[in-house]
Amino acid sequence: QLKALSFNRLAFIVFLILFRFSLDASYVFVISKVFAYDGFFFSFNAQQYAFSWVVYGLSFLFVRDRLYKVSDYFFSTALLSVLAPLTSLFGLDAARPFVPVLVVFFSIYFIYLFTRVKFISFDDLPVVHSGRAIGIGISVFFVGFLVVWYFVSGAALNLDFSRVYEYRAENAELSGGGILAYTNNWTYQIFNVFLMALALFYRRYAWFFVLLAIQVYFFAASTHKTVLFLPVLLVGVWYYFRKYSSLAIMPFAFTLIISLTLFSYFFLDDLWMSSLFSRRVFFVPANLTFVYFDFFANNPNVYWSNSVLSYFVAYPYNLSLTHVVGGYIGRDGMGANNGFVASGYAHAGFFGVFLYVVIIGAVLRIINDLTYNSMPLWLAVSLCVVPMRALLISSDLFTVMLTHGFIVAILLTYLVRVRNV
């Protein structure tokens, strides 16, 4: 067993290194050449490049090669989706400052420490009697309501990916006013995904396909492409993690994807894959991290005046926070979203980042304790994977907790617990 574990750890590290090299190659040979107009410049400094690898290598210390807790998935995603592209961009563009890289590194490291220190435990929280039935009932209610509401509201259905933006604003106005702006998101990001996960868990495959058809309907009415991607992610988590615990599959899959983008660019003369995956999924969020630090180091912080403290603090800008940043990089009208480190810094500088680190550490600790020995780990991951990714890459902490339904996901996780699974 020790040899197997050692081999898995070695494979995990090798794929992490290959993934970073594939990102570097993509940046040097494609992104910096084609998208230099978007701020992606290649300016090599050997010392800075070496330092970027030191930071990336040290990050291996707080990721496990196997899935034992929900937080293990969080840290692997943080390394692959945040730190890898951030260190790659820093290492290949000498004009990039090192402070954002170090802040992101230490933020994730301190969250890791928080989940490891045993000064508080939530293991003894009582199991809710018939909690799973309650969770199913709540989810069925919201899913049923949204199916009817989209029909009654007059939202136009669209399955054409190229026309999603034509319908999104109008459909949101028709169907998403007031509290529905939250519950609609919870329904297609959490409640229906929860029901699909339980259908897979109980091997009720006919019900799974019914719920899948409903999810496609939700995509057609909401026109958010993520809605259609969620079942794919769920099935992947279910199929793999119910059999295997190795997380080496993650850097392997990411390396394969970036390698395919390079192949398509050089051999098929196709830029679409590189633009969608290498640029949009990895380097755009990394670039925006630097942009947020640059802007809010020289302009007023927001101090949550656009959200939880709006009644107490005056908001200093005429546009939303994300549109302010979008305008700063010359993209008027674009909402430049980013993850918890950048948004925490936008709100209150280093204190904002520290506050978010403490809260996220506590949330992950709660989830770890709630799910330990009380449900299949793949089921717990499937409930939390979407909010966790949004937290790392694209949304503010409080937005993820409320709008993206992370609080709802934690509540459902608590309800479905049983003892000694």
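**Note on helix packing and loop residues**

1. K225 lies in helix α9. This is a predicted model. At 37% relative accessibility, K225 is partly exposed, because that class runs between under 20% for buried and over 50% for exposed. Leaving out residues up to four places away in sequence, K225 touches F161, V164, Y165, R168 and F219.

2. K225 and Y244 are 19 residues apart along the chain. Their C-alpha atoms are separated by 29 Å.

3. Next, T223. T223 sits in the loop that joins α8 (205-222) to α9 (225-241). Its phi is near 60°, a positive value in a residue other than glycine. Is T223 buried or exposed? T223 is buried, with a relative accessible area of 0%.

4. S130 belongs to the loop between α4 (99-116) and α5 (131-153). Here the relative accessibility is 42%, so S130 counts as partly exposed. T223, in contrast, is buried at 0%.

5. S222 is part of helix α8. At 6% relative accessibility, S222 counts as buried, because the cut-off for that class is under 20%. Setting aside neighbours within four places in sequence, S222 is in contact with Y150, R168, Y188 and V227. R168 is also on the contact list of K225.

6. Now the α5 and α8 pair. How do the axes of α5 and α8 cross? They come within 11 Å and cross at roughly 40°. That makes α5 oblique to α8, because angles under 35 degrees would count as roughly parallel. The crossing is left-handed.

7. Which residues of α5 meet α8? From α5 come V143, L146, V147, Y150 and F151. From α8 come I214, Y217, F218, A221 and S222. By class, this α5 and α8 contact has 9 nonpolar residues, 1 polar and no charged ones. S222, one of the α8 residues here, has Y150 of α5 among its own contacts.

8. α3 passes α10 in a right-handed crossing. The α5 and α8 crossing, by contrast, is left-handed.

9. On the α3 side, Y73, S76, T77, L80 and S81 take part in the contact. They meet M250, P251 and F254 in α10. By class, the contact has 5 nonpolar residues, 3 polar and no charged ones.

10. Last, F19 and the core. The largest nonpolar core has 131 residues. Which residues touch the most other members of this core? They are F19, F74, F296, F340, W378 and F406.

Technical notes. Residues numbered from 1 in each chain as written. Predicted model: local features only at pLDDT ≥ 70, side-chain atom pairs only at ≥ 80, totals over all residues. Heavy atoms only, no water. Left-handed = near helix turned anticlockwise from the far one by under 90°. Helix = DSSP H or I, 4+ residues; strand = E, 2+ residues; numbered from the N terminus. Contact = heavy atoms within 4.5 Å. Nonpolar A, V, L, I, M, F, W, Y, C, P; charged D, E, K, R; others polar. Core = buried A, V, L, I, M, F, W, Y, C linked by side-chain atoms within 4.5 Å. Buried < 20%, exposed > 50% of the residue type's maximum accessible area, 1.4 Å probe, protein only. Axes fitted to C-alpha atoms, helices over the stretch in contact; angles between N-to-C directions. Parallel < 35°, antiparallel > 145°, perpendicular 65-115°, else oblique.
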